[in-house]
Amino acid sequence: MEQNLIAAFAQENMKTIYAYALSRVSDREDAEDLAGDILLALLSCASRLRDESALYGFVWSVAGNTYKKYLRKKSRQTLCTLSQDDLEQIADSEDFTQELTLKEERQELLARLRRELSLLSREYRECTLCYYFQGLSCRETAQKLGISLSMTKYYLFKTRKLLKEGIGMEREYGTKSYQPAKFTFKTLFSGSYNPEYRYLFDRLLPGNILLSAYYAPVTIRELALETGVPTPYLEDEVSLLVKYGLLNILPPAAGSGNTSPSDTSIKAVRTSVLSGNGTADQEPVISGRNRYQTNMVIFTEEYMGELYEKLTSLCTPHLTDILSSLRGQLPSLRAIGFGGADLEDDRLLWPLLWLVMHRGNTLFNRLNNDRYSYQTIYAHATGINVGINYTEDESPYTTFGFAGYSHINEDYAAAFADFGILPPKNRYLQHDIQAVEDAVCADSGEYVVFHGTQLSQTENLLEPQIRAMADLYEKMVSAAQTLLLSHAPESVAELVPNVIGKLLFFDTVGLLGKCALDSGALRLPDTEYPLAAFLYRTAPENTGNAGARPTDECRD
């Protein structure tokens with residue numbers, strides 16, 4: 001029965017297990033080997049599962065142990081062996097004396113002791129430093145650290161046991177200790193600006209901590225071995241991540257016999273920070289007995305690749321219909337008389353496509369205002385966070401920038417989408433703003449320019465296409481949520497709907513531009529001007545005719 005349960009879980013979560021393996025090793029082939037080892041280990045250990053409710057913890061415990069065995073295996077395979085001639089040469093060397101051997105053994109022992117001290121969590125480390133390095137008694141140590149005498153004695157006893165066991169062990173550091181993983185932090189927020197929060201991931205370590213704790217909970221010691229960073233430095237980083245809710249603190253694993261006195265204080269500090277009542281000296285107390293797990297969705301390269309593939313097949317036929325109906329609306333749209341209304345069809349369809357996309361997303365957000373929401377990320381600020389575990393290379397699926405409002409001058413603004421499939425010459429950001437302003441002032445006719453009520457009249461005519469685009473976003477969000485839930489760990493499943501509902505638009509502007517072009521319903525005209533861009537007047541008209549174009553209001 002247990003084996004069938006494990007097999008069913010493994011089949012449903014194959015992508016997640018592979019993603020876990022890939023987050024631990026950098027090479028894809030090695031990740032496939034590790035994932036295979038994990039699956040075999042799960043099946044062979046299935047009889048140990050006694051409670052179905054403990055399935056999730058059991059799976060990732062087996063995965064973690066299999067990863068450690070994998071590292072030991074790789075370490076043995078890469079050991080350099082000496083030939084018989086090399087050994088004889090070393091033995092005949094004048095420096096190869098018993099005194100040197102004893103000295104090297106002592107240095108090795110000291111090196112191992114320092115290594116184990118660097119892995120001790122704060123409570124054990126502080127007691128050890130006071131008692132052994134500063135020469136304080138147990139009572140003096142307890143008074144200095146503000147803990148009970150019995151707890152001091154327990155920490156010292158536990159430390160001696162940990163050091164004795166650790167010195168005799170061969171430690172395997174994770175790949176992140178020498179090859180940090182790729183990680184980019186993206187946040188969409190509104191509210192007060194917090195530089196500590198905004199620049200938290202300008203360093204490599206915080207992102208690699210979140211990646212290490214993404215698929216399964218880890219202790220400070222396990223983080224130290226995975227990243228190659230001593231615990232005194234890790235504790236400060238973990239404290240910051242916990243403070244901002246990017247890392248959750250969990251109680252010790254069942255059966256460990258430890259309970260954490262710091263859980264309550266951490267939750268209190270977290271609440272205080274979010275409510276704005278926190279002070280500078282209120283920091284989470286990080287304990288080595290607890291486990292930590294990432295509380296943020298991380299997009300992997302595998303997820304994004306599969307997402308683009310699924311959405312391409314979903315969006316292309318819908319965009320074909322939207323563009324075909326747009327083309328049929330062109331005569332009515334030209335009659336509005338906006339600037340550029342006489343442009344050729346394909347020149348005119350590009351800015352209208354971006355208008356429909358932008359307004360369609362606005363409509364989608366309005367219709368789903370109660371379904372998707374931002375979370376509090378710190379005092380006086382709300383938003384949505386996501387991590388990116390791959391390099392965002394330039395591709396047809398990306399954009400080089402887009403905006404619903406981009407300031408030109410006191411009278412005009414631009415709305416544009418520089419789709420990745422557009423040649424550089426047809427991207428708005430490749431053109432000097434002054435040149436754009438001059439073209440508007442000269443009434444060149446090369447830009448779509450809306451004055452007065454012309455933009456609202458255009459939107460009214462395009463209401464069917466805007467609603468069709470909002471419906472398409474609904475389908476895209478549903479597909480993306482289902483896919484992400486199959487890639488992300490269960491611990492962040494409740495974050496997925498809001499992440500996708502609020503952020504998918506920003507990740508798919510370029511994809512929709514590519515689908516529109518690939519559909520054949522839209523073509524690239526031969527022009528030097530931006531394509532998916534339109535301008536609109538922001539200042540009130542000085543004439544009684546709302547649709548009239550200004551003649552002398554442009555400034556040099």
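I began at the hairpin formed by β5 and β6, which has two residues between its strands. H380 in the turn has a positive phi of about 65°. The model is predicted: I took local features at pLDDT of at least 70 and side-chain atom pairs at pLDDT 80 or more, while totals for chains, interfaces and linings use all residues. I numbered residues from 1 along each chain as its sequence is written, and side-chain values use heavy atoms, without hydrogens and water.

I looked up the pairing next. β5 (residues 375–378) and β6 (residues 381–389) run antiparallel and are joined by three bridges. Y378 stands opposite A381 in β6. Strands here are DSSP runs (E, at least two residues) and helices likewise (H or I, at least four), numbered from the N terminus; a pair needs at least two DSSP bridges.

I then traced the open sheet of four strands, in the order β7-β8-β10-β9 with mixed pairing. β7 (399–407) and β9 (448–450) are the edge strands. β9 pairs with β10 (residues 533–537) in the parallel sense over three bridges, and V449 has L535 as its bridge partner.

Last, I checked helices α2 (residues 14–24) and α3 (residues 28–44). Their axes come within 8 Å and cross at roughly 125°; axes are lines fitted to C-alpha atoms, for helices over the stretch in contact, and angles run from 0 to 180 degrees between N-to-C directions. α2 and α3 are therefore oblique to each other, a class left over after under 35 degrees (roughly parallel), over 145 (roughly antiparallel) and 65 to 115 (roughly perpendicular).
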